[in-house]
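Here are a few notes to read alongside the model. Please keep the 3D view open as you go through them.

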Amino acid sequence: MTKRKIESEIVTLSKLGTEAIRNLSALELGRAIREGRTTAIDATDAVLEQIRAVDADYRCFITVAAEQARSRAQEVQAQIERGALAGPLAGVPVALKDNICTRGIRTTCASKMLADFVPAYSAEAAKRLEAAGAILIGKTNMDEFAFGSTTETSYFGATCNPYSPKHCPGGSSGGSAAAVALQECFFALGSDTGGSVRQPASHCGVVGMKPSYGMVSRYGLVAYASSMDQIGPMTKNVEDCAAVLEILCGRDAKDATCVCPTDTDFRTALIRDVRGMRIGVPREYLEAAIDDEVRDAILQAASQLEQEGAVVEPFTLGLTEYAVPTYYTIASAEAGSNLERFDGIRYGHRAQEESLQKLYTVSRSEGFGTEVRRRILLGTFVLSAGYYDAYYLKAQKVRNRLVQTFDKAFAAYDLILSPVAPTAAPVLGRSPENPVERYLEDVYTICANLCGLPAISVPCGETKQGLPIGLQLMGSRFREKTVLQAAFTYEQTRKEKLYGSK
């Protein structure tokens, strides 16, 4: 066969329509590119076309790096063709939450304070994806500085839910979740401080995972609460999630909290088998204020895992009523401390004031939104003289008790099963009216961050309105494989139930 004929056949094979390309999962796309059935350039054009078509209505992106993405796609495609890149996600377009630094591409944290900030370096997570051949499409919308759970506090406007534009996508990584659901990228990264990967994944019908604290480098992630922040993947399915996690995990000398796990071949855990696995369902989580549709979907998911051979039983976890105040006390304290650097002097928004004191005050007042100012004030209060012992120190003691409580639970169970949120996606506009109501919706997700545990959100149903519902599976620290195995098993059983066996 002549070279010209071979090239002609490759071109023919690559003529997958843009819709067919977008329907592929990240791993399917990577395989198609390696096999010559499409190219990194075609995949990049496919998602850029989708962004042009729908993003004005949904506002998933703050910055779309179209020219950089096309240039990068050409480089990656050339490397793939000469065998220099053979990874499973080489040539696959990705989006990053806009608090993950990217060299040469602005990183705003969805704030006026950093509206024009362009980092001189990239986050370690971004560098690892680049080394794997992924193609950065752009930076996604989020709650300002990740303070929120609806993506409504963004300076650039709220993101809309892909299933219903009148509802929010969750937060703070709402732009990343919505972008994956709308096929504007094949996977995305978010950051999770109290559920900010899992909750929007639940509301947008995608998979989202928070790894154990320390599994993924936080270098280059603009800090919210340093003792709880963790970068995590948001994907179309569990297999993609495992593949992305394999790239992200590993020790980084630039992050002293980053560990070096020895077993990060996560895709080997993707077997349909939960026989003998013990799964606990906290009674408190299903007896609290939770929508009936959410409760029914979670119980049905638990039943499906039981039918697959898992031992699923209710148990009393304890101390859950203290989780929300503990989280917001500690998180606000750390946030207030981390945001001290934004003073209008070195970088960020700078007010036109001559007095130094006014420059600090006005720059911060103009640069930060209402929710950010609220949490800075709360954090300053709980750390101030006379209140440190009464609030912050007491919260840290309760946090230690929560760690002990979950250690005890995981001595009896392999996993803890729960909802991700007590309701499906709320209507846009409700959060600013009653922020405390939104805080209370974090009750199922924040313990994973307080205790440094891995947890995943997997779609498990829809409401009568057609809004997605997510199932949370939480494991003991560094037991990502157990979490992924159970999540994969459930995902496969649900697919069979919805579409029938292949």
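1. First, the ground rules. This is a predicted model, in which local features need pLDDT of at least 70 and side-chain atom pairs count only at pLDDT 80 or more, while totals for chains, interfaces and linings use all residues. Residues are numbered from 1 along each chain as its sequence is written, and side-chain values use heavy atoms, with hydrogens and water left out.

2. Start with the largest pocket, which has a volume of about 1,100 Å³. Of its 36 lining residues, Lys236, Asn237, Glu491, Lys495 and Tyr499 are the closest to the centre. A pocket here is an open set of points on a 1 Å grid over the protein atoms alone, where a 1.4 Å probe fits and protein lies on both sides within 12 Å along at least five of seven lines; lining residues have an atom within 4 Å of a point. The volume is the space filled by probe spheres set on the points.

3. Which helix gives the largest share of that lining? Helix 19 does, with eight residues. Helix 3 (26-34), helix 7 (174-181), strand 10 (455-462) and helix 19 (480-499) each supply at least two. Helices (H or I, at least four residues) and strands (E, at least two) are DSSP runs, numbered from the N terminus.

4. Now have a look at helix 9 (residues 238-248): 10 of its 11 residues are buried, so the rest of the structure largely encloses it. Buried means under 20% relative accessible area, exposed over 50%, and partly exposed in between (1.4 Å probe, protein chains only). Asn237 caps the N-terminal end of this helix, with a side-chain oxygen 3.2 Å from the backbone nitrogen of Glu239. Just after helix 9, Gly250 takes a positive phi of about 140°.

5. Two loop residues deserve a glance. Thr151, in the loop between strand 3 (135-140) and helix 7, is buried at 0% relative accessible area, and its side chain reaches the backbone nitrogen of Gly174 at 3.1 Å. Gln230 sits in the loop between strand 5 (207-210) and strand 6 (231-235) and counts as buried at 1% relative accessibility. Gln230 and Val197 are 33 residues apart in sequence and 9.3 Å apart in space, C-alpha to C-alpha.

6. Finally, the surface. Tyr391 is in helix 15 (residues 388-412) and is partly exposed, at 38% relative accessibility.

Definitions and conventions:
A polar contact is a pair of N or O atoms within 3.5 Å; within protein, one must be able to donate a hydrogen and the other to accept it, and residues adjacent in sequence count only if both atoms are side-chain atoms.
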